[in-house]
Amino acid sequence: MSVKAFELVPAVERDLLMGDKARINIECIECCGKHLYVGTNDCFIHHFLLDEVTSSKGKLSYSSQKLLHKYLGLKKPVAELRAASALERLIVLCDGIVFLVDMVTLETVPSAAGGGVKIRGVTAFCINENPVSGDPFCVEIAVLCSKRRTVQIYMVYEDRVQLVKEMNTPQQPCAVSLDGYFLCLALATQYMILNYNTGASQDLFPYNSEERRPIVKWINREEFLLAAPGGLGMFANAEGISQRAPVKWSESVIAAAVCFPYVVALDENFITIHSMLDQQLKQTLSFRDGHILQDFEGKVMLASTKAVYVLVPLPLERQIQDLLASRRVEEALILTEGAQRNIPKDKFQILHRRILQQAGFIQFGQLQFLEAKEHFRKGELDVRELISLYPLLLPASSSFTRCHPPLHEFADLNHLAQGDQEKVLQCKRFLISYLGEVRSTEMVNGCREDVDTALLKLYAEQDHESLLDLLATENACVLADSVPWLEKYHKYFALGLLYHYHCQDSAAVKLWIRVADGDLQDSTRSGLFEYIVDFLCSSSSQDLVWKHADWALQKDPTIGVHIFTKRPAGKDHTDLNPDDVITYLGKHNHALLLYLEHLVLERRIQKEKLHTHLAVLYLERVLSLLSKSPTDAEQLNRARERLQAFLRESNLYRVQFLLGKMENCEQLLLERATLHGKLEEHDKALHILVHKLRDFPSAEAFCIWASSSRDSAYRQRLFHLLLGVYLDGSPGKGQTANDGGGKLEMAAVDLLNQHGEVFDPVRVLRMLPEGWSLQLLRPFLNRAVRASMHACRTSQIALGLAHSENLQLLHDRLKERKKPILVSEKKGCHLCHNTFSEPAVVCLPGGVPVHTHCVAQRVRDSPTKRHLTNSSNHT
Amino acid sequence: MPDLSKMKKPDVKVVLLGDMNVGKTSLLHRYMERKFKDTISTVGGAFFLKQWGPYNISIWDTAGREQFHGLGSMYCRGAAAVILTYDVTNWQSLAELEERFLSLTDTANHDCIYALVGNKADLTDPRAQLPPEAAGLPEDQTEEERTEPRVPSACPTPPASPTSPSGALLHKQVAGEDAAALYGRILRYKGLDEKGSLPAEKMCFETSAKTGYNVDALFETLFDLVLPSILRKRHENQESPTVDLEDFRGVGTKRARSTCC
């Protein structure tokens, strides 16, 4: 309740009408533009000029000026007055007679020659609000007659009236409205719609007209408002359908009118105002002795028995604002949206948006965030209006000022929450979710910086996980404003990201380094050191890398060197020159080693310098470990293994240089052997291995390694060399019989027995000392004999196979080249000219068959021919 | 004069009829606002617009009180569907449908669809005490459900309306067969062929506005069934005011087809 939709403004006061004459009452009124006509019970018509006066405060009042009054001479009350302004006539009903009066002079219009100007026996009449005839100089009226159950349709002209149609009704009608062909009638016990053109009728609903005064009020094209049982105001259209829900009046309702979107009704004591949009009672005005309520061209006028009033609607915006002020959001929106048709489109949109925004803020203030969000969205709220509620969120650089008049009553969030921190928190969470949703939409066009900065601040303050996402993706956070904020909440990692986003990588790294070093506290990211290394690693700025690599290498060389080793091999990266890096890493031994390993082992750069450098580093490490005491055996072993492996696998390093470096180190014999091997000085290598190291497995491994990419002859040569070395050192040759010699001998035997296949057994047998037992060499000899036997047999098989293949080929050839040779008893031999008696013949070249003995004879005769070329049998 | 017509023109009209206190307003509230709230006796009538796909369906809630009885036939004028509502715990409410309300539907469309709805099922049927998701009964099982013997359980339920004095289940005064029989009589009253019309098992519902049981099924079934009516109305508005018999037959067969599934 208590919307102030209308104000009751006096128009004609009592003293202007009837002065102190107590018995004179107002019976009817008519208003046409500024002209107000009042009919009284003493048969007078009063004519007033009504002027709207707007005071300086915007308050509307009326000043009325009496122009004329006229006695109609019938001594009866003036029951009805209707203006026909195009005809300059008033249609008057008085004493059951309808007649015309001049609007200006109020003189009764005399009858014209063509027809009468009076209709008698009339109880009520109405004007067609929506006439079918297009003639502007006539008015169509429907007339109810007192005696017959009929309705008559008349055309009213300037000086005559003409009956057009007469319709019978089932009961006596007592009230009527007319729209087009449709008559809406109140009969004694019901309402009905009657089409006077087709005669079709439609019952609406029952109503006891004797009990309660019926109301038939035309409100709109083909739509009527009717008083229904139970004090209802029912809507019905010409088809007899109700398209709006009814409104609830009091039982004693006298009159009703529509002033969109309100239905105004008058009863004995009150004016009630219902909204047609939600059927709710919106306003009640006290009004005593009222008996007339009518709307004239949208102006609602009322009259008591003594005075006339105008019901002035308050401006729509004012009504809506009143509703909003009392936080009746839904009603305000319904009213706004209901007014859509009455307001120009562009103006409506502005109004609607503003109301939506205001509604949103009201709901926001009530923490109804879901609804608020919806209204903000629909109302296309400038997000900054909302952000500005939160102190300090908008960047200092923002040009935003709140709209005027303000959309809400809140100074800021603290004002809204009244110190309730839980409320503040809820509001902040809402803003986080709201900004998160809108920041990627068009709604934030033009204020992206404000929105993103605000969001960043909220995230930082609320320790929100999305802070990093915001900074890692495209954003418009204002740096100057965000820095102090992030610092305040110790979000240094995030601040670094922001610096990075603003291409201030140097500042970012500096900041992170302070965090990593523990100068600043921010636990956002564990493993920040690795992150910084990664960052430098992928940084395209060489300056930045050079500047901070030192720090990283000192902190942890193993990870720090990733800056150089894990750089993505993209074209856009101006790659660091390896030589520069090596020079730079000079003082970081370990890192340098890792870097060289990266270059040599991973990137497989084939450069002598790098390989030598790496070998030297390996060597130096081994040497340094050796020089320590006590030596860490495990470390040493690992270092040596690396060195050895590298020495074996790489072919690029400068062997002599390295050899020189370890010349006088007696502990690195294995490495020296490898180097000698690289120089193909296998005898030296084997000498070291066998005599100095007495490491026979390594010696064998050396042979295999040194010959790994060579042919078997080379390998054989190496093994023989080794065998030679073993045998040379054995006591068979030297006279000193010590256990070492025996070991060499055993090594030789093992070598032969294990790698027998490599050796040439014949040469071995020649080399072996005479005194060795056969038993000792049995595995070797077994294998040798077996191998030789195997070879022999294999070759025999090969020979046989080759022979048969040859035969086969010969056969094939013959088959291709020779025709069959026919031998018969009738054919003669070319040599002896005798006939053949047996199938065995010899074929001479050219396929000529001859006797075998003839050929033998001939061969014997000619000494030059030793062989028969060919022989075969053909039948 | 401003144009007073509503912004959205309804395409079709559905009307709720029934004696006072059977729960028409509550049914509509449950469907439109998804909640059950205390309502006061409806004055005159009220209506809601429901967006159903591309169509606007106006649903009229009428006043059950005798006082407003005369308005009923006006509300029914041009209706495409009428929901005749009774209270399963009140035999009289079913009888009133036949005695008072059936004649009001004379003004409805000639192809109007009638649904018989027994509301307040939660008072007699433990199954209806669960929200519809939990009960999970599609409406084609309602027949079966009806034939099951009802064992009044002692399971206490909070009073759903002033008519339930205790928490225990009330005696069910209107059985499903009674409603189905009335549905048959309605068809006869309308002069409709029972075979060509929608079958009783499809058009008789038992609902609970309080728990939401079967409420969506009721409205959605009806909306789907009135779609041909909407299309025909649109067609008429576009083409000509004459009724196309061919088209009408098409609608009829479509409806007949929909009954067999």
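In the predicted model, the contact between the two chains draws 24 residues from chain A and 19 residues from chain B. On the side of chain B that touches chain A, two elements give two or more residues: β2 (45–52) and α2 (72–76) of chain B. This side of chain B holds eleven nonpolar, six polar and two charged residues.

The largest nonpolar core has 293 residues. Within this core, A:V264 and B:A115 touch the most other members. Helix α19 (residues 589–602) of chain A supplies the largest share, eight residues.

B:L97 lies in helix α3 (residues 91–101) of chain B. With 22 other C-beta atoms within 10 Å, B:L97 is buried; the cut-off for this class is 20 or more. B:I186 is 89 residues from B:L97 in sequence, yet their C-alpha atoms are 9.9 Å apart.

Helix α1 (residues 24–33) of chain B is largely enclosed by the rest of the structure, because seven of its ten residues are buried. The buried residues are B:K24, B:T25, B:S26, B:L27, B:L28, B:H29 and B:R30. After α1(B) comes B:R34, which has a positive phi near 60°.

Key: Residues numbered from 1 in each chain as written. Chains lettered and ligands numbered in written order. Predicted model: local features only at pLDDT ≥ 70, side-chain atom pairs only at ≥ 80, totals over all residues. Buried ≥ 20, exposed ≤ 12 C-beta atoms within 10 Å, placed from the backbone. Helix = DSSP H or I, 4+ residues; strand = E, 2+ residues; numbered from the N terminus. Core = buried A, V, L, I, M, F, W, Y, C linked by C-beta atoms within 7 Å. Contact = placed C-beta atoms within 7 Å. Nonpolar A, V, L, I, M, F, W, Y, C, P; charged D, E, K, R; others polar.
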